Amino acid sequence: MAPTPVTKIRAPLAADVITATAEQYGVCIRPFTMEVGDTSTGALRYVGIPCGSTVESVCGPCARKARALRMTQCREGWHMAVEPVDVRRDPSDEQKALLERRADLVSAYQRADAAGDVAADDLREDIRAVDEELHATGVTGRLPHPDGPGAKTAPKRSTRRRQDTPNLPRRRVEKRTVGREYAGGYRPSMFVTLTCDTYGPVREDGTPRDFATYDYRRAARDAVHFASLVDRWWQNLRRVVSWDVQYFATVEPQKRAAPHLHTAIRGSVPHEVIRQVTAATYLQVWWPAHDQLTYGDGCLPVWDGERFVDPDDRRPLTPWGEALEAVEEPAHVARFGAQVHSKGILGGTEEAGRHIGYLTKYLTKSTGEVVTAATGRQREHHERLHAELAVTPCSPRCAVWLLYGVQPLGVTSRTTPGHCKGRAHRRSTLGLPGKRVLVSRRWSGKTVAEHKADRRAFVLSMLEGVGIKPTERDPAQLVWRKLAPGDTNAPPRAHLLMHAISERIRWRAEYDSALLAAGVARPDVSATQPLAA
C-alpha cells in the first residue's frame, strides 16, 4: 500500500493575519501613502489613503464600500416624489488655475501648429491631459476646441429616419423627472432589460451552434457602439413620453459575450411604449467603410516624419476628414434585439430592494472576471470574437484605421498601426463599454462623492448627539504630498494597516455608544461595511 502524503499544517503568516483583520473591519488593504505636513507645528506624519478600487479581487473593502454607495444612490433616486434640486457651484481656485494652464497650452499649440513645429502634437496631448484633470474636478460640458472655431467639423448627415424602421411620435420634453402618481398615492417605477440583436443560433452555454455562420463582425461592431445606441434609446424614450426620464443602469455580458443593459427608470411608462421605442431605435455609424483590410501583418504603413504612408509607393494614407467626406452610406447600423423585459416596481417594497441588489451584483467584479470561458467551445467563441474586435475601429482616433488605409485623428510617430489601447480591443473585456454604471444627471440630485459626504455627515451628527466630536485640523494648515514608489521615508504597509484597524475599532465603539444613547438598535451588518468610513 502506497504511503499517504503527510499534510503539513502551518500557522498563518503575520501579514495574512493583518490583511484578514483589515478586511474584517473594512480597512483598505492596498493604501497608498501620503505625507502630511502641518504648517502650524511643522510636524510630519504619514497617512494611508484608501486605493478606491471597485474590484473585489484587488481590494475587497474598497469595492464593497463603492457598491454600497451605488446602492444608496440607486435607492434614493428610483422612487423620488419631488424634483431634485440642481445647484451649480462656483468655480474653485484649482479649476481656474487649470483653465489658465490650458489657455497657455492652447496658445502655444496654435503657434506651433501654424509654424509646422513637430512639438504641436505633444502640446495637443498636454491639452488633453489638462482637460481630463478639469473633468476630474467636476467640470462638465465641452471645452473650446484647440484648433479654434474654424476647425473642420464632421459633414452634416440627413436626419431622415430609415424606411426599414417604424416611426415614433415626437413631443416637446417637459422639464420634470418625477413619474405620475396614481390613485391611492402609488408612484410606481420600472425595471427594464435591453439586449443586443441575434447573430445566429446559440447553445445553452452561449456558444454558436455553427461558428462559420455566426455573424462575428456585426457582434463586434454592436459591442463597440453599444453605449451610443443606449444614449439614442434614452433620447427616443424622452421624446415619446414627453418628460425627462431618469435612469440608473448597469451593463453586463450575456453568456454569448454580448452586452445587455439592466436599468431602473423613475416613473412608469407603458410596456408597449417601451417595446415600440426599442424596435424604432437604431444608430447609424457614419464612418469610412472598414469591411476589407488594406494592410496586414506583413505589410503595414510607415511613418515618414509627418504622416503615415504606403510602404511600397510612399503614397500618403487618406486623412480622416477626407475619408469622412467621401462617406455616402453608414458603415454600420446598430439595433437592439427583439427580447425586451419591463416590469413595474413599487418603492419601499422587498421587490425594489431585490432588484437594486440585482442591478449592482456584478459591480465588484472586473469585466474579465464576468466574461469567463469554462469549456473549449466558449474559449473558441471568445477568441473568434476578440479576433474580430482586434480589426474593428473603436473611435476616430483608433490606430486600427491605419490597417484600412485611413489616417486617424491625432496620429503621431508613436502610433503603431493596428494597435489601439482602447478597452474595446482587450481580450479580457470583449468590447464591453468601460462604464459599468450609467446614471442620468438628475437621478438623485447628488454625485457619488456627495452621497459619501451625506453618509459621513450622518455619522458625525450621531456622535455629536452624545458629546463625541472628532478633532479635525484646518485643511488650510495641511500640506499633502504623495510619496513616490521606492521612497525610503514611506512606512511599511503593515504599520499603516495596524493604525487604520485601531482607528476603525475606536470609530465603531464611538458609533455604537451613539446608537445606544439614541435608543436605536445596532444594525446587523458585517464589519466589512463600516458605517463611519
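This is a predicted model: local features need pLDDT of at least 70, side-chain atom pairs count only at pLDDT 80 or more; totals for chains, interfaces and linings use all residues.
Reader: What makes β1 and β2 a pair of strands?

Author: Two strands pair if at least two bridges are found between them. Strand β1, residues 32-38, is joined to β2 by 6 bridges. So the two count as paired, by the rule of at least two bridges. They run antiparallel. Within this pairing, methionine 34 stands opposite valine 47 in β2.

Reader: Which strands form the open sheet that holds β1, and in what order?

Author: The order is β2-β1-β13, with antiparallel pairing.

Reader: Why are β2 and β13 said to stand at the edges?

Author: Each has a single partner strand, so one side of β2 (44-49) and one side of β13 (478-482) is left without a neighbour in the sheet. On average, neighbouring strands of this sheet are turned by 30 degrees against each other, direction ignored.

Reader: How do you know that β6 and β10 pair?

Author: Use the rule of at least two bridges again. There are 4 bridges between β6 and β10, residues 332-345. They therefore pass the cut-off of at least two. These strands run antiparallel. Valine 285 stands opposite histidine 332 in β10.

Reader: What is the order of the 6 strands in the open sheet with β6?

Author: The order is β6-β10-β3-β5-β4-β12, and the pairing is antiparallel. The edges are β6 (282-285) and β12 (437-439), because each has a single partner strand. Neighbouring strands here are turned by 20 degrees against each other on average, direction ignored.

Reader: Which helix packs on this sheet, and what does the helix touch?

Author: Helix α9, residues 350-359, packs on the sheet. Helix α9 touches β3 (189-196), β4 (247-253), β5 (259-265) and β10. Its direction makes about 150 degrees with that of β10.

Reader: How many cavities of 30 Å³ or more does a search of the whole structure find?

Author: The search finds 2.

Reader: Which class dominates the lining of the largest cavity: nonpolar, polar or charged?

Author: The lining has 8 nonpolar, no polar and 1 charged residues. Among the lining residues are Tyr199, Tyr214, Leu385 and Arg256. Tyr and Leu count as nonpolar and Arg as charged.

Reader: What share of the chain counts as buried?

Author: Buried means under 20% relative accessible area. Of the 533 residues, 39% count as buried.

Reader: How many helices and strands are there in the chain?

Author: The chain has 13 helices and 13 strands.

Technical notes. Residues are numbered from 1 along each chain as its sequence is written. Side-chain values use heavy atoms; hydrogens and water are left out. Helices (H or I, at least four residues) and strands (E, at least two) are DSSP runs, numbered from the N terminus. Axes are lines fitted to C-alpha atoms, for helices over the stretch in contact, and angles run from 0 to 180 degrees between N-to-C directions. Contact means heavy atoms within 4.5 Å. On a 1 Å grid over the protein atoms alone, a cavity is a set of points where a 1.4 Å probe fits but cannot get out, and a pocket is an open set with protein on both sides within 12 Å along at least five of seven lines; lining residues have an atom within 4 Å of a point. Grid points are joined across faces, edges and corners, and a volume is the space filled by probe spheres set on the points. Buried means under 20% relative accessible area, exposed over 50%, partly exposed in between (1.4 Å probe, protein chains only).
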